[in-house]
Amino acid sequence: MAAVALVVMGLIWEFTLIPWILLGAFAALYFLEDLRKDKITQPIFKIFKSLLPPMNSTEREALEAGDVWWDGELFKGNPDWKQMLSYPKPELSKEENDFVNHQVEELCKMVNDWKVVHEDKDLPPEAWEYMKKEGFLGMIIPKEYGGLGFSAFAHSTVVSKLATRSGSLSVSVMVPNSLGPAELLLHYGTEEQKNHYLPRLAKGEEIPCFALTGPEAGSDAGAIPDLGVVCKGEFEGKETLGIRLSWNKRYITLAPIATVLGLAFKLHDPEGLLGDEEDLGITCALIPTDHEGVEVGNRHYPMGQAFMNGPTHGKDVFIPIDWIIGGQEYAGKGWRMLVECLSAGRGISLPSSAAATGKLSYRLTGAYSVLRQQFKTSIGQFEGVEEALARVAGDTYQLESMRVMTAGAVDLSCKPSVVTAIAKYHMTELARNIVTDAMDIHGGRGVIMGDRNYLSSGYMSMPISITVEGANILTRNLMIFGQGAIRCHPFVFREMQAANNPDERAGLNEFDSLFFRHIGYGVSNFVRTLSLSFTAGRIAHKPTSGKTAYYYQQLTRMSSALAMVSDISMMLLGGELKRKERLSARLGDVLSYLYMSSTVLKFYEDNGRPLSDLPYVEWCLQKNLFLTQKAFMDFFDNLPVSWLGATLKRLVFPYGRAYKMPSDKLDHKIVQSMLTDCELRDRLTNNIFIGEENDPAGRIEHAFKKVLASAPLALKLRDAMKAGKLKAGRTKEDTIATALATGVFTQEEANMYAEAEAARLDAIQVDDYSKEYIATGKEGKPKAKSKAA
């Protein structure tokens, strides 16, 4: 094509020798393969190998685990939006929906979170029995083994609804269905192990826990000091090939009541009983907790929550070799097993709890803002409160969008490690912000703990979600971009594999093919980024019409910029980028906000593009684009080579900052659905537990609906006072009686307004207890006295 172009140019203008010389040199290098490899590729190959960061086996296995999904499209610079929109909408089956509406609802009714957390420090026995009987502990186990065989989306929905009733309840159901014995057995267990354990786990005859974290090894699993040595010992009266184990683990959920312990440890074979290799690596085994030498039972007390969590220890405990999950052939393969399973589970458990925090806060904080009055006005009408309500509203829409799309990815038989890391980090952080805003709006009603309080337990336990499954600081600074830049990039991971190929010539040949395509990819990204930047993204493809079309264009623009900037950064910093955590985290933020924006657009489309959702979509996209811009700007300002940072800033944002945070007007729009009983409010908070009038959430919801229904009467009363038809009494009851006597209200209207006022006043009360009850949690609890918040 280049030669044809030069011929045409020569015919139109005049023959020029230099372009033909350059084309000939390029063609020679391209077609003379040996010359190209020896003179160009090989020196570059050596430099590339020298720049690669050191990587231990644990890091390599974590990097290789999981799948690339939509994150790969976002990272390559030109996302195929039609592909995203073609993903099937996650939906519950009839069986799953019935389970949520009946069994989950019934289990929620059995649990009073205040009693669980502050009195019993455990779930009630009938709740435990019901969970076992109805299969809550075996949702992920296939039906052939006696489990429910639910989808990831159903698993997420169940946990989310339980979390709106009690965090201790949701965790107790979440853990057996997340990373642990059941999932590891399903993927790697021997048939004998599956047939023995899975039916028992499905019905709660066995309670599982999985012990990975210890005092000196959390996210750095490669530092596990827990040791197993292959040896021969006695088991059931016979000499048996096995492992002598010592371990010291902590933070293990369900450990105090577990009957079967999943354990991760480093395995050594000094006598060569399994082969020639002495250090086999991390291994996973299943051990009955009644086995001699296993210690469980003590409890930790995580943020005052009542779910079972505690340490487990063992010293020189001998187990048979076939207790390794997957049998002897899986010795040393434990870390790969764990990170592959975590890639999926991380996108379900904590994200579903975070979404629950958002949905409960959204529904009840909006209702409370109608019920609570200051200066004779509902506090939701004050602009300062509205600002916080808008964050609750918009971020809740974001949370539910991410929950649905991420769980849906797992149901597509995908283990998207980068996407689930994004979901875990950003969803738990958003939930933390939401519950903080909700607490601020509730004021005293939020901080006084008691039977009526539906926020305090979630507020106190939020650091648990931030900490587990990889602390958020680590997830953001090391995982999202550190893993995403390599796995999602179309060439870098394969180039690294070529560089690590023990066959030097084969590695060079593979690298030669990849490197020149990588150059073409980089040039393409540069040209596209430049053209999108100078046209403000307006030339990008739009998969839809209407107001959302603009946002697809801007996301494509930022995706292209991320691809270009990432390539330049990796070329500039090489292995140093791994240690420049704050720089890489900012690029990870860009990838995260692109994914988060994608989930909002997909959620909007899957729900039929309702007009009521559009302000929410715009709010989320405007916020995400602004934060994307901020992450880029901070990255450019802190690049070690300042002139390059300034140049990249001008290339990506040639006209200066392009995006703004949502306006006050848009804030106002999205808050209105929180303050009214509407379809969007119900849909966005679908599958949360409300309960009856005496339940914490039910009390607020009941009063909210009565107050809304009586709103015309409140207006009628106010108008009558303004017109001088009646005067306000010393009490509300006096005013209602006067309104009835003067004909402003009929008897039916007076009754309706009085009932609404009584419900409103009851809903804003807080609990108080005797000194004895506060001290012991067991005695002297009187009936709560009504004191206004």
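Tutor: Start with a strand pair. Strand β1 (residues 208-211) and β4 run parallel, joined by four bridges. Keep in mind that this is a predicted model.

Student: Which residue in β4 does Phe-210 stand opposite?

Tutor: Gly-262.

Student: How many bridges join strand β2 (residues 227-235) to β4, and in which sense do they run?

Tutor: Three bridges, and the two strands run parallel. Leu-227 has Lys-266 as its bridge partner in β4.

Student: Is the pairing of β4 with strand β5 (residues 279-288) parallel or antiparallel?

Tutor: Antiparallel, over nine bridges.

Student: Is strand β4 (residues 260-268) mostly covered or mostly open?

Tutor: Mostly covered. Seven of the nine residues in β4 are buried.

Student: Now the cores. How many residues does the largest nonpolar core have?

Tutor: It has 118 residues. Those with the most contacts inside this core are Trp-69, Trp-70, Tyr-397, Tyr-595, Tyr-616 and Phe-632. Helix α17 (residues 417-442) gives the largest share of the core, 14 residues. Another core, of 57 residues, lies apart from it, and includes Tyr-130, Leu-162, Leu-280 and Ile-287.

Student: What does Trp-69 touch, not counting residues up to four places away in sequence?

Tutor: Its contacts include Tyr-87, Met-405, Ala-409 and Leu-412. Cys-414, Pro-416, Val-419 and Tyr-595 are also among them.

Student: How do I judge burial for a single residue? Take Val-590: is this residue buried or exposed?

Tutor: Check the relative accessible area against the cut-off. Buried means under 20%. Val-590 has 0%, so this residue is buried. Val-590 sits in helix α25 (residues 581-606).

Student: Which residues does Val-590 touch, leaving out those up to four places away in sequence?

Tutor: Leu-562, Thr-628, Ala-631 and Phe-632. Take Thr-628. Along the chain, Val-590 and Thr-628 are 38 residues apart, yet 5.0 Å separates their C-alpha atoms.

Student: And the surface? Which residues make the nonpolar patch of about 400 Å²?

Tutor: Phe-516, Ile-519, Val-523, Phe-526 and Val-527. One of them, Val-523, lies in helix α22 (residues 504-534).

Terms used. Residues are numbered from 1 along each chain as its sequence is written. This is a predicted model: local features need pLDDT of at least 70, side-chain atom pairs count only at pLDDT 80 or more; totals for chains, interfaces and linings use all residues. Side-chain values use heavy atoms; hydrogens and water are left out. Patches are made of residues with over 30% relative accessible area and no salt bridge: like charges are joined within 9 Å, nonpolar side chains (Val, Leu, Ile, Met, Phe, Trp, Tyr) within 5 Å. Accessible areas come from the Shrake-Rupley method with a 1.4 Å probe; for residues, only the protein chains shown count as cover. A salt bridge is a side-chain nitrogen of Lys or Arg within 4 Å of a carboxyl oxygen of Asp or Glu. A nonpolar core is a set of buried Ala, Val, Leu, Ile, Met, Phe, Trp, Tyr and Cys residues joined through side-chain atoms within 4.5 Å. Buried means under 20% relative accessible area, exposed over 50%, partly exposed in between (1.4 Å probe, protein chains only). Contact means heavy atoms within 4.5 Å. Two strands pair if DSSP finds at least two bridges between them.
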